[in-house]
Amino acid sequence: MATEPETPEDALAVEPAVPSLVFHYFTCWYKADVKGKPCEDHCILQHSNRICVITLAGSHVVLQSGKAIKRISYQISTNCSRLQNKVSRKFKLGAQILTELSPLCKIYCSDGEEYTMSSCVRGQLMEVNESILHKPSILQEKPSTEGYTAVVLPKFEESKSITEWVLTQKQYDEVVVKRINATTATS
Amino acid sequence: MFPLTVENKHVAQLLLSTGTCPRCIFRFCGVDFHAPYKLPYEVCQKVEASGFEFTNLVLSISFPPQLSVREHAAWLLVKQEMGKQSLSLGRNDTVQLKEAYKWITHPLFSEELGVPIDGKSLFEVSVVFAHPETVEDCHFLRAICPDCFKPAKNKQSVFTRMAVMKALNKIKEEDFRKQFPCPPNSPKAVCSVVEIECAHGAVFVAGRYNKYSRNLPQTPWIIDGERKLDSSVEELISDHLLTVFKADSFNFSSSGREDVDVRTLGNGRPFAIELVNPHRVHFTSQEIKELQQKINNSSNKIQVRDLQLVTREAIGHMKEGEEEKTKTYSALIWTNKAIQRKDIEFLDDIKDLKIDQKTPLRVLHRRPLAVRTRIIHSMETHYVDEHHFRLSLKTQAGTYIKEFVHGDFGRTKPNICSLMDVTADILELDVESVDVDWPPALDD
């Protein structure tokens with residue numbers, strides 16, 4: 001029988017969420033089971049200047065299940081495409097406004113399953129990552145760097161209160177370990 | 001009018017022709033009338049007390065706006081009288097009151113302060129007169145030309161000199177005469193001075209600085225009123241200048257800038273400091289050299305060279321450098337994968353590499369979102385160990401080096417990570433040279 005996993009990384013066998021020194025300027029925040037969907041975990045990388053990069057957490061189904069991604073789309077509704085986001089000049093006018101539950105993109109897997117990524121953060125959408133449209137596998141190969149989904153600029157007043165509705169690294173690790181233990185126990 | 005009697009007249013004229021000053025002429029003629037003398041000395045006292053160093057000055061005098069109305073009335077009367085003698089007189093044929101006033105007072109000022117009056121002087125003394133007794137003399141103009149007197153935001157009264165002049169140019173002679181006596185009535189009191197201000201135009205000091213600390217911002221780093229890091233490049237240089245030039249404040253600018261954790265080596269980075277309202281402006285080149293030495297002795301975090309006085313126009317060279325000139329850097333790079341010398345050699349052969357950089361995330365909060373194309377002209381690698389190498393680069397101005405190394409989430413393409421197919425990050429960065437040949441190098 002396998003030994004109990006020490007850390008979520010051991011359990012999940014993914015690269016640590018902080019793969020390089022780039023992240024000594026970023027703090028990792030997490031949202032687990034976004035919109036109540038099990039294991040749809042997101043990781044928010046917040047820079048010291050308050051800008052947030054929305055990425056898939058290592059424990060997200062899409063990264064864990066080994067399924068192939070067929071395509072990714074930023075067309076989140078009939079009338080709204082995140083690709084149409086136009087941000088002008090220094091004051092970021094014209095950006096699409098996001099709430100925590102605003103959809104960012106849809107991930108279509110080859111087994112027919114569909115996953116939606118959510119903003120997790122309130123603020124203005126700065127940009128979405130277009131390279132994952134051309135090469136969806138990047139999302140799985142480098143989820144925390146080149147495979148990022150979106151960049152969001154929270155309102156200045158809210159940038160500190162972001163911590164109220166997300167998990168810290170430590171809290172996230174506990175959630176993941178608990179989840180693994182629950183699965184192991186029932187299997 | 002000056003109370004010289006008819007008898008005094010030719011005496012006064014004779015004395016004037018010998019170059020005798022007006023003050024002495026009056027004294028000689030036994031005139032005991034201090035009013036014309038009062039002004040210059042009151043102003044002179046203030047100028048002397050202000051502590052400015054100056055070799056010339058420019059005088060700005062502001063008369064009360066209603067004086068223009070009275071002058072206009074006098075002019076209409078003169079025109080009328082000349083007309084009676086079939087002589088025509090243009091407005092420009094008469095001497096403006098202000099001109100006459102300057103002719104009389106400028107020599108008085110000059111003599112008392114010991115310097116010439118020069119319209120191009122940087123040292124300005126401004127004097128504002130008021131005459132409360134006749135303040136309402138110009139109010140009738142508003143009824144006749146209301147659009148000349150629109151209330152402006154910061155002005156206390158709409159009856160500014162400009163507005164009054166505009167109305168006087170518009171108003172018809174008959175309408176004016178109906179409302180205002182020609183000649184004007186004689187007031188009881190003379191004008192009084194309500195404001196005397198002295199100010200010296202800015203002077204500029206330029207030089208080049210080296211930065212040896214990896215913990216020093218260029219400008220003070222203050223968040224929510226709290227200083228995050230001790231001091232700054234600009235303060236370490238400018239504070240000394242502020243003291244010696246006795247200036248009110250300064251504006252620091254440089255040909256680009258580096259991050260807190262980046263050193264500036266080589267010849268250093270050009271900078272220029274505008275010293276606002278300096279009280280002391282004359283320095284020998286020896287004194288400037290000593291000032292440079294003083295700055296260099298006071299800190300080992302920065303060093304300054306080629307310190308010199310420059311003109312405002314010269315600043316343009318420096319800003320030109322920021323956008324057009326190349327820079328060279330040296331970076332210490334870490335790689336996650338083990339590397340051998342052969343893995344980095346190919347970088348030496350890449351010339352004029354075009355890269356596209358989206359606005360780095362670390363500055364996106366204060367810079368517009370855009371993509372900038374930049375050129376990495378050349379690179380030189382120096383192998384350190386399996387996970388480290390040094391990279392020297394020569395790049396176009398405005399290139400974000402850190403992002404070229406770690407890729408900034410793939411938002412700078414290509415980057416070292418993509419070129420080498422590794423995960424790389426930058427541990428240390430130094431500016432080796434800023435290729436701007438300004439300010440001129442001084443021999444020490």
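How many residues does helix 10 of chain B have, and what span does it reach from its first C-alpha to its last? In this predicted model, helix 10 covers residues 285-298 of chain B and has 14 residues. Its span is 20 Å, close to the 20 Å expected at 1.5 Å a residue.

Five positions of this helix are listed here as buried: Ile288(B), Leu291(B), Gln292(B), Ile295(B) and Asn296(B). Seen down the axis of helix 10 of chain B, the buried residues fall within an arc of 135 degrees, so they line one face of the helix. An α-helix has 3.6 residues a turn, so residues three or four places apart point the same way. The cover over the buried residues of helix 10 includes helix 9 (233-245) and strand 9 (302-310) of chain B.

Asn49(A) sits in the loop between strand 2 (42-47) and strand 3 (52-56) of chain A. Its relative accessibility is 10%, so Asn49(A) counts as buried. Asn49(A) touches Leu361(B), Arg362(B), Val363(B), Leu364(B) and His365(B). A polar atom of the Asn49(A) side chain lies 2.9 Å from the backbone oxygen of Leu361(B). The side chains of Asn49(A) and His365(B) are joined by a polar contact of 3.0 Å.

Cysteines were considered next. A search of the whole structure finds zero disulfides over all chains. The closest cysteine sulfur to that of Cys39(A) is in Cys109(A), 14 Å away and too far for a bond. Cys39(A) is partly exposed, at 24% relative accessible area. For Cys182(B), the closest cysteine sulfur is in Cys138(B); at 15 Å, it is too far for a bond.

Key
Residues are numbered from 1 along each chain as its sequence is written. Chains are lettered from A and ligands numbered from 1 in the order in which they are written. This is a predicted model: local features need pLDDT of at least 70, side-chain atom pairs count only at pLDDT 80 or more; totals for chains, interfaces and linings use all residues. Side-chain values use heavy atoms; hydrogens and water are left out. Helices (H or I, at least four residues) and strands (E, at least two) are DSSP runs, numbered from the N terminus. Buried means under 20% relative accessible area, exposed over 50%, partly exposed in between (1.4 Å probe, protein chains only). A polar contact is a pair of N or O atoms within 3.5 Å; within protein, one must be able to donate a hydrogen and the other to accept it, and residues adjacent in sequence count only if both atoms are side-chain atoms. Contact means heavy atoms within 4.5 Å. The expected span of a helix is 1.5 Å times one less than its number of residues. The arc is that of the directions from the helix axis to the C-beta atoms. A disulfide is a pair of cysteine sulfur atoms within 2.5 Å.
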